[in-house]
Amino acid sequence: MTWGWRVAKYTWPEKPTLLSTRVLRLDGPDKVAGRARYTYDINRPGMIYGRIVRSPYPHARVTSIDLAAAQTAPGVKAVVAYRNPGDEVHYQGDPVAAVAADTEERARDAARLVRVRWEPLPHVSIEAQAMDAAAPKWSTTQENTRPGVRQETGNLETGFNDAAHVVEQTYSTHVITHVCLETHGTVCEWDGDKLTAWVSTQGVHQCAQGFAQALGIPQANVRVITQYMGGGFGSKFAPDSQGIICAKLAKLANAPVKLMLDRKEEHLDTGNRPSAFAHIRAGVSAEGKLTAFDGRSWGTGGAGAGSNFPLPYLYQFPNRKRVHTDVYINAGQQRAMRAPGHPQGCFLTEILMDELADRVKIDPVEFRIRNAPPIAPNAQWIKYFQEGARRFGWEKRHPTGDPTPGPIKTGMGVSAHLWGGAGRGSTAHVDINPDGSVVVKCGTQDLGTGTRTIVTIVAAETLGVPMNAITTEIGDTQYPFSGGSGGSTTAASVSPAIRVTCTDALNQLFAKVAPTVGVQPDDLVAEGGRIRGATDASKSVAWKDACKLLGTEPISVDGKWQDGLSGAGTSGVQFSEVTVDIETGIVRIKRILAMQDCGLIVDRLTAESQVYGGVIAAINFALYEDRLLDRVTGQMVNPNMEFYLLAGMSDVPQIDVVLNDMPERGVIGIGEPPTVSTASAIANAVRNATGATIRSLPLHPHKVLAAIEQQRAGGTN
Amino acid sequence: MSDKEDRFGVSRRDFLKSAGVGGLATAVTSAGVTDVEAQAGPRVIGPGDVPVSLTVNGKRLELRIEPRVTLLDALRNRADLTGNKRVCDRGSCGACTMIVDGRTAYSCSTLAIDVQGKQIRTVEGLAGANTLHPVQQAFCDVDALMCGFCTPGFVVATVALLEKYPNATPEQARRELDGNICRCGTFVRIMEAAMKAKTVAGPPTRQARWGDMGVARG
């Protein structure tokens, strides 16, 4: 309800008491005590366990599926076929059938009794192999490649004519998987024709829609709950095959079913970051200005999924052309992964930038400043290059190649990134009760980014009450619609929705209490647990007494995100210092500096955690993780956590985070940007240390050694 | 032997003992039991449900489970103790870390039947009714968690660290916590939490003193 006689105007407070401070994560105590119930932890009365049977082949046709032996196995309550004879599967791990049994162990036993007969088909596992015209096809009905984006600006011929130096090289990044610690999965429970699904998801409302469509039931009959979830990183927006299978098993068995994927399934069938390759020819003028970029790129998103990424990244090439090709192989499909496309485009461009800088003999920071977009609210790179270089001690950086004797070489690198992070139409509901309690409801979800906490911060700030006066309800489709938590949009969507809704509710309360306080509603403010006159603070009423005036009827308000409280466009720059053992090829990171903005910071503590997390994720991308497919068998050789390498405590360097407050820009997301440029900064530091350029990720020791060997042999530097 | 080797040696040895060498150990002990059992070779348990008695957080837990059920699954699926998480399920990520007779153990790679009679501590056993363990409080205070799925394992590992080294150095902490993986990237603040907690964690517990005297480590 709005008041016709006043125009609602929504702004952030000029002097906030909670916003932008360091507020402890509200669900911290439940998480550290093991009390937080994730989907994996939901145990329902009479619950049984689901298990999926998957293709062991990278490419095959199903000849027959025999469920009989599984159906009569001990403890089995339901068996379903997910594919039909004649169906083609396109990757190892493609789901085929499923069972549900009274214990997990028996479900695994029964799954092994499902007899599937296969006609194996030829497969392709490597991009270069798939692009060969004589290669086997990933699918019997589709080609291995598809033309992707094609972009052209300016005039390449003019650009290369203006160039004093030209670099021409091939660069690449690898496929990694999300490795959510809580695997994808669902607990499904039917009550007649109504489904309740606990899902480890980044989008409860999106999931409800997905269940309804796949099961052919009204969306109104589906309730999705996600109180806590153990990591998604872009891979958890839909029920997926495992969710639909779980719902079917539960219906068939007439019992709640828990179906959580195991670690191998998680690697094979829940998404990955596509690879990226580019053959690039680029020119630079004698004055150090970029003149031309000619790039031919390709990459694979697996079996039938695209692989686009921004190229060239960030820097201003006046004349440029880029042609992309999507390559398909027999591997699980890609999904959005933390800043989709950006880490790839950033790496391919930033390594090239250092090579160009060396050609014109200009310091890499200065070279970037000359070629970065001009400073604007959403383009702070030049400022961050300058300030970051000063903070990091960039002046101590030596030219390419550490001249000191001994096997341990030290180097510094720099890299920059951008991201959108805009808000969109979240909705919310707030009740102010006569006893003074406040309930805020929003159908968003907290992936670990701190959404539950920021919702509460905004509500408490707006209503002028302590945070413990607010009950925050999220993670349930019974609450008002909010979009999936992806694209760093959540904080920028949810914070304005809460601000608008709580402001409207407060205005209603002001109207109610104005006569008692003796001040016009327009002149009331709420702060410190009181409602008082804005100009005459002596006229006031305590929050609880104000709410008593409501009698029996709570204030109950719905509201929606509005433009003006959130912004879009972030910029960041990162610096890295590494050591490289040129005898073993092992890279150790000494320290990283992250310069980052995200508009109005809601919770400084959790915003900083996002940056730490983004940087560490990118350390993994740069140095450790790699999805390895065996080209002969098409099998993933490391679908686990001992050979799929991730950083541990000893691998994490000193990380310094500098957040640039820009409250005038409104709230902007920060989940993705800090993970974009770290790997490039590390790779450039390795180049600075060794004098050898490694043009492909990850920077595994054998590649570092090979690059050093090539450089010694008079290679391409 | 370095701390790191020690830590890995302990848990992996335990796992091997339970998984592969169990038959040998049983054969040795059964020699003194009855002739019938000795002649029949190692006693076969299962494959059906058998009684298993566990002592978890000081409380007795009587279960009927198959011998192949891990400690982690027994507690999560049969006793609704879901605090410790299943992540890699093969002893490489540490999310399932529990303290068994004073030593950290990967409960996903420990059979429940093998830890009967031992003192098992899970993340649920650390907090009081209204207060958190100092380690848990420190994790909250410095935001050493994000999604929280690795957190119980890290909390337990940090408790074990400080019981072993009440004045742990950063280097000791790094080594003792190297068996745990976080995907959100909370390591920086976990280290902060460990260093903060050691100042308030108080005197070592009895189990830690056993460990220091080498009794628990064997």
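**Exercises on a helix pair and a chain contact**

Helices α10(A) and α11(A) are roughly antiparallel to each other. The model is predicted: local features require pLDDT of at least 70 and side-chain atom pairs pLDDT 80 or more, while totals for chains, interfaces and linings use all residues. Residues are numbered from 1 along each chain as its sequence is written, and chains are lettered from A in the order in which they are written.

**Exercise 1.** Determine at what angle α10 and α11 of chain A pack.

*Solution.* Step 1: helices are DSSP runs of H or I with at least four residues, numbered from the N terminus; here they are α10 (residues 364-371) and α11 (residues 381-392). Step 2: with axes fitted to C-alpha atoms over the stretch in contact, and angles from 0 to 180 degrees between N-to-C directions, the angle is about 165° and the axes are 9 Å apart. Step 3: angles over 145 degrees count as roughly antiparallel, and the pair is therefore assigned to that class.

**Exercise 2.** State which residues make the contact of α10(A) with α11(A).

*Solution.* Step 1: contact requires C-beta atoms, placed from the backbone, within 7 Å. Step 2: α10(A) contributes A:V365, A:R368 and A:I369, and α11(A) contributes A:I382, A:F385 and A:A389.

**Exercise 3.** Describe what each chain brings to the contact between chains A and B.

*Solution.* Step 1: chain A provides 46 residues and chain B 48 residues. Step 2: on the side of chain A, α1 (28-32), α3 (104-113) and α15 (604-624) each supply at least two residues. Step 3: α15(A) gives the most, with nine residues.

Methods
Contact = placed C-beta atoms within 7 Å. Parallel < 35°, antiparallel > 145°, perpendicular 65-115°, else oblique.
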